[in-house]
Amino acid sequence: MKKFRAIALIGATALVATGCSAGGGGGEGSADGTGPISIWLSNNEQEVAWGTAVVEAWNAEHPDEQVKAQEIPAGSSSEEAITAAITAGTAPCLVYNVAPAAVSGWVKQGGLVDLSAIDGGADYITERGGDVDAYASDGSFYQLPWKSNPVMVMYNKALFEAAGIDPEDPQMNTYDSFLEGSRAIVDSGVQSAIWPAPTSEFYQPWFDFYPLYLAETDGTMLVEDGKATFDSDAGRTVSEFWKTFYDEKLSPNEASTDDAMSAGTTAMQLAGPWAIPSYADTVDVGFMPVPTSDGRDNPTTFADSKSVSMFTACENQGTAWEFLKFSTSEESDGQLLEATGQMPMRTGLTDAYGDYFAANPNYVAFAEQAEKTADVPSIPNSVEAWQAFRDEYSSAVIFDKESIDDFLGNAATKIDELVAE
């Protein structure tokens, strides 16, 4: 579980690329400015290797626009660091690995560049990514959708087999069959069937409630048209499903003290393709779509996408934009896929990288799932809205301190108020 929480935190908090100047946060940079910039990369080993290679390739061809790369400094969350930098007027140029949920807050601060206002900006974003309107804020792109980690059910094949479940065809696509299999797993002696993190961070719903809610509703986001959608029959069905796991002790309501998948104390987790290399040496894992109440084919799931954004304090925005395009080109995206197994958010994915998927069949399911995903809504006070949801969900579903109806109603009311601000 430690590995899962660390990856989730990386995913939920933005990873920064800073400009060499210490320009203010209020848009002092020039859209045409060129010169050296510095970038911060995720501390994910594979992404560091990818970023280092891309920077070296760029620098070899741009002696007057050198890019300097480093890992994000340890000690505080990147989201806090970015927000503080905007406030102080020392915000960076580019942000890699931005969780879309963080974008609205930075737009509100005036800290992000409208990429749609750059000549050819909107065209580049839509031509690369296809239908990406959900990532726009008030009709403008303050982020370039970069990569996704479609969430599926990862499972330990050996523990499935020991519980009498066929690891090559688990047949656990309905809520009833998923529960039946989960009970068999725990009866076989495994501590938990599936172990979502029971902690309170705002992003935790992305790895329990939200993927199943998207599947149950064929892609209805948490908020649409300014109103919460989950105080509904579908929201109630998903919540009751998860509550059964805690009621029957199929999922613990305390955090694991180690990596539960590697330790063999859980048989399943919700995860994206990043998990394949992460567990390659410790667990023989399989993947299946998230379940739905009726076991429908090809369910929608959470994209767990990450974006790239540009900050208004960036002096050399011309260089930053050109480097952003260079680092999200078809060639660079192919290198990202090779290095990390994460899915570039571009059209024609399997056609563009057919050789890769032929050589790496474990990733084909994720490439196919990437065609059926939805993301977090682009709304005001997004982080606060997700936190309000998590607090109420935890109280009702994980810790049984309030009813599911109260949770759904209270959370919907709070979120509607936050979105209306």
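Glutamine 342 lies in the loop that runs between helix 13 (330–340) and strand 14 (343–344), where helices (H or I, at least four residues) and strands (E, at least two) are DSSP runs numbered from the N terminus. The model is a predicted one, in which local features need pLDDT of at least 70 and side-chain atom pairs count only at pLDDT 80 or more, while totals for chains, interfaces and linings use all residues. Residues are numbered from 1 along each chain as its sequence is written, and side-chain values use heavy atoms, with hydrogens and water left out.

Glutamine 342 counts as buried because its relative accessibility is 4%; buried means under 20% relative accessible area, exposed over 50%, and partly exposed in between, with a 1.4 Å probe and protein chains only. Leaving aside neighbours within four places in sequence, glutamine 342 is in contact with Glu47, Lys147, Ser148, Asn149, Pro273 and Leu337, contact being heavy atoms within 4.5 Å. The table gives its side-chain polar contacts, each a pair of N or O atoms within 3.5 Å, of which, within protein, one must be able to donate a hydrogen and the other to accept it, and residues adjacent in sequence count only if both atoms are side-chain atoms.

| Side chain | Partner side chain | Distance |
|---|---|---|
| Glutamine 342 | Lysine 147 | 2.9 Å |
| Glutamine 342 | Asparagine 149 | 2.8 Å |

Elsewhere in the chain, helix 8 (residues 209–216) is mostly covered, with eight of its eight residues buried. These buried residues are Phe209, Tyr210, Pro211, Leu212, Tyr213, Leu214, Ala215 and Glu216. Their cover includes helix 7 (175–187), helix 9 (233–247) and helix 17 (382–398), together with strand 10 (266–271), strand 12 (301–302) and strand 15 (373–374). Just after helix 8, aspartate 218 takes a positive phi of about 55 degrees.

Taken as a whole, the protein has a secondary structure of 18 helices and 15 strands. Its radius of gyration is 21 Å, close to the 22 Å that the globule rule gives for 421 residues, so the protein is as compact as a globular protein of that length; the radius is taken over C-alpha atoms, and the rule is 2.2 Å times the number of residues to the power 0.38. Along the principal axes, the C-alpha atoms fill a box of roughly 65 × 50 × 35 Å. Of the 421 residues, 59% count as buried, and among contacts between residues at least 6 apart in sequence, 77% join residues at least 24 apart.
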